[in-house]
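The sequence and structure are shown first.

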Amino acid sequence: MLLPRLLPAHRLLAGGPRPLLLLPRRRLAPRPPAAVSMSSSSSAPARRRGPLRGVVFDMDGTLTVPVIDFPAMYREVLGGEAAYAAAREAGGGAVDILHCIEAWGPDEQRRAYEAIARFERDGLDRLQIMPGAAELCGFLDARQIRRGLITRNVKGAVDLFHQRFGMTFVPALSREFRPYKPDPAPLLHICSTWDIPPTEVIMVGDSLKDDIVCGKRAGAFTCLLDETGRYAPHDSLPEDVKPDFMVSSLPQVLSVLEEHFDLAPVSVAESRI
């Protein structure tokens, strides 16, 4: 399979609305490409780049274009604008709807899950692959880097994603796997299945509170995909949700992987099923 030629970072970033931001951490190479901002600690002595043997992706908003109207879903599930506003205030501006539902009675839970399922079914009809996803997966396959998936969506959505776009992630964990993100359990399960330590894996997703927290708690590297600039500048993010990398498109992930890691292929005995 022919892979697209990877452009230098300064060309890759020139047309994007936001720069690629990096937070130095152990095992990261202090050799930033042009137009990459790093903190002053990057003047430390050079270290050998650490190996990367697996990439775990979020699905909705990362591998697929966001199509679900989450605020509308939350308003319906929670019972209106006032309840939605209260949940946002209690969550510091974010709503963990699945966590909210867990505290409800059986009848309320059933009604809530039915509403969520209806929004998700509507989203499936408009499912689109995120630009750059196929090329990034081809790049990982060519390097024999494992790729997995963790989503808070249902298994049926994951199955449809695999079928519609012809790319398979193993393992692919949906919300039927408990506990779900931001708990590190699903990511640690994937690492255990691969027999690869979390320190040789990176979690890529578009949610600070779910994807980045999950990756950080598991001890993996983290990369935030922020296409629309909805998050604050990297330096101003709280430490408990600050990712190691912050990009505005999936093609930029290729630059991150090649520039900052030794891409270590799995052995023949470990090769992907």
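How many helices and strands does the secondary structure of the protein chain come to?

## Overall make-up

The model is predicted. In the protein chain, the secondary structure amounts to 10 helices and 9 strands.

The protein chain has 273 residues, of which 47% are buried. When contacts between residues at least 6 apart in sequence are considered, 65% of them link residues at least 24 apart.

## Confidence

The average pLDDT of the protein chain is 82, and 79% of the residues reach at least 70. Over residues 1-20, pLDDT stays under 50, and the model has 40 contacts beyond four places in sequence for this stretch. Residues 23-47 likewise have a pLDDT below 50, with 54 contacts in the model beyond near neighbours in sequence.

## Packing of α2 and α5

Two packed helices are described by the angle between their axes and by the distance between those axes. Helix α2 spans residues 70-78 and helix α5 spans residues 106-125; they pack at an angle of about 160°, and their axes are 9 Å apart. Because an angle over 145 degrees counts as roughly antiparallel, α2 is roughly antiparallel to α5. The crossing of α2 past α5 is right-handed.

On the α2 side, the contact is made by Ala72, Met73, Glu76 and Val77. The α5 side contributes Arg111, Ala112, Ala115, Ile116, Arg118 and Phe119. The residues of this contact comprise 7 nonpolar and 3 charged, with no polar ones.

Technical notes: Residues are numbered from 1 along each chain as its sequence is written. This is a predicted model: local features need pLDDT of at least 70, side-chain atom pairs count only at pLDDT 80 or more; totals for chains, interfaces and linings use all residues. Side-chain values use heavy atoms; hydrogens and water are left out. pLDDT is the predictor's confidence in each residue, from 0 to 100. Contact means heavy atoms within 4.5 Å. Axes are lines fitted to C-alpha atoms, for helices over the stretch in contact, and angles run from 0 to 180 degrees between N-to-C directions. Helices (H or I, at least four residues) and strands (E, at least two) are DSSP runs, numbered from the N terminus. Angles under 35 degrees count as roughly parallel, over 145 as roughly antiparallel, 65 to 115 as roughly perpendicular and the rest as oblique. A crossing is left-handed if the near helix is turned anticlockwise from the far one by less than a right angle, and right-handed if clockwise. Ala, Val, Leu, Ile, Met, Phe, Trp, Tyr, Cys and Pro count as nonpolar, Asp, Glu, Lys and Arg as charged, and the others, Gly among them, as polar. Buried means under 20% relative accessible area, exposed over 50%, partly exposed in between (1.4 Å probe, protein chains only).
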